[in-house]
Amino acid sequence: MNQSLIFAGTPANAAATLEYLVGHGFEISLVITRPDALVGRKRVLTPSPVAISATKLGLEVYKTDKIDNAAIAKIDETQCSAAVVVAYGALLKAPALAALSNGWFNLHYSLLPKWRGAAPVQHAILAGDKTTGVTLFKIDEGLDTGPVVAAVPTQIQPGETSERLLSRLTELGCTLLSQELPRVLLGNNQLTAQEPPDGNDLARKLDRAQARLDWSSSALELERRVLAMNPEPGAWATLNGDTFKIHLAREIAGSSNDPVGTVSQADGRAVVNTAAGVLELLEVQPAGKQAMQAKDWARGVSLPVRFDA
């Protein structure tokens, strides 16, 4: 039996996982990733992070946005029995699932069945969860509903952004894969059926509109939104009609009689009054400027100012 793997993934965390597997002795016969995409304001056609890493590692790369008949033919050429999937970005249908005798195994950044879908890390922070983790499961035709190989929990730290939490989960996931993949390759791993998912726990992709800060929310809710949206799509508000990005913020003790959405100074800090509590701005990016410490921004403007409704 061929003891090499197929790897399917697209973003930076998937690229880091691919590099880890190769560095720890796992043989990768084929890397599947999404096609090159237009990136940045200049819309430059750019390979995915996984494609870049795979090329540097000297691995064969196949670019496709779906596992269709052509992709299945390519998979058949490898004679592999199993694949690892990390944020590839497409659902697998029955013909694709049947192409590998031992199956496709997805590394997902939540404790399933909670937060199935595209943005589990962001939704965990947005919901104020205290615990999350990584789950390795065998893919079926549902959305992250297949039987579980193993899962590893971790505590979400105070003030942790989506970027930082995803980095930690990527490291946990790499360790989990190194422990479980030998059994996956042999086809003798133990599988446990998931509990039925809760319809309220679907982690849909978050867009820029959802990243806008509503000052009629509580300071705690706003802190969670800022952390969840960092780095993408980035929390924001409008100030004098211009976009004002808020990269880091935290709820603090205190109260204010200012109108909701008013930024004032308190002990040298830039703070915003909300519908319930006070939010301290830590890192901001005014329109047309680089990101900066909020206290530095506050020294350069005449406070108080009020965010647009």
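**Chat about a predicted model**

Q: Is aspartate 129 buried or exposed?
A: Aspartate 129 counts as buried, because its relative accessibility is 15%. Buried here means under 20% relative accessible area, exposed means over 50%, and partly exposed is in between, with a 1.4 Å probe and protein chains only.

Q: And what sort of model is this?
A: A predicted one, where local features need pLDDT of at least 70, side-chain atom pairs count only at pLDDT 80 or more, and totals for chains, interfaces and linings use all residues. Residues are numbered from 1 along each chain as its sequence is written, and side-chain values use heavy atoms, with hydrogens and water left out.

Q: OK, where is the place of aspartate 129?
A: In the loop between helix 5 (120-126) and strand 8 (131-138). Helices (H or I, at least four residues) and strands (E, at least two) are DSSP runs, numbered from the N terminus.

Q: What does aspartate 129 touch?
A: Leaving out residues up to four places away in sequence, aspartate 129 touches Lys114, Trp115, Ala124 and Ile156. Contact means heavy atoms within 4.5 Å.

Q: Which side chain does aspartate 129 join in a polar contact?
A: That of lysine 114, at 3.2 Å. A polar contact is a pair of N or O atoms within 3.5 Å; within protein, one must be able to donate a hydrogen and the other to accept it, and residues adjacent in sequence count only if both atoms are side-chain atoms.

Q: Zooming out, how many helices and strands does the chain have?
A: Eight helices and 16 strands. Of the 309 residues in the chain, 48% are buried. The C-alpha atoms fill a box of roughly 70 × 45 × 30 Å along the principal axes.

Q: What is the order of the open sheet?
A: The order is 5-2-1-6-7-8-9, seven strands with mixed pairing. Strand 5 and strand 9 (148-155) are at the edges with a single partner strand each, so one side of each has no neighbour in the sheet. From one strand to the next, the twist averages 20°. Two strands pair if DSSP finds at least two bridges between them.

Q: What packs on the sheet?
A: Helix 3 (residues 69-78) does, touching strand 1, strand 2, strand 5 and strand 7, and its direction makes about 165° with that of strand 2. Axes are lines fitted to C-alpha atoms, for helices over the stretch in contact, and angles run from 0 to 180 degrees between N-to-C directions. Helix 6 lies across strand 1, strand 6, strand 7, strand 8 and strand 9, at about 30° to strand 8.

Q: Why is strand 6 largely enclosed?
A: Because five of the five residues of strand 6 (residues 82-86) are buried. Ala82, Val84 and Val86 are on one side, Ala83 and Val85 on the other, and both faces are covered.

Q: Which strands run parallel to strand 6?
A: Strand 1 is joined to strand 6 by four bridges in parallel, and strand 7 (residues 103-108) also pairs with strand 6 in the parallel sense over four bridges. Alanine 8 has valine 85 of strand 6 as its bridge partner, while alanine 83 stands opposite tryptophan 104 in strand 7.

Q: In what sense do strand 7 and strand 8 pair?
A: Antiparallel, over four bridges. Asparagine 106 stands opposite phenylalanine 137 in strand 8.

Q: Switching to helix 2, which residues are buried?
A: In helix 2 (residues 49-56), Val50, Ala51, Ser53 and Ala54 are. They are on the same side of helix 2 because they cover an arc of only 165° around the axis, taken from the directions from the helix axis to the C-beta atoms.

Q: What's exposed on the other side of helix 2?
A: Thr55 and Lys56. The cover over the buried residues of helix 2 includes strand 1 (5-9), helix 1 (12-23), strand 2 (28-33) and strand 5 (61-63).

Q: At what angle do helix 1 and helix 6 pack?
A: About 35°, with axes 10 Å apart. Among the contact residues are Ala16 and Tyr20 of helix 1 and Leu166, Cys174 and Leu181 of helix 6.

Q: Last one: where is proline 197?
A: In the loop between helix 6 (162-186) and helix 7 (219-228). Proline 197 is partly exposed, with a relative accessible area of 40%. Not counting residues up to four places away in sequence, proline 197 touches Pro113 and Arg116.
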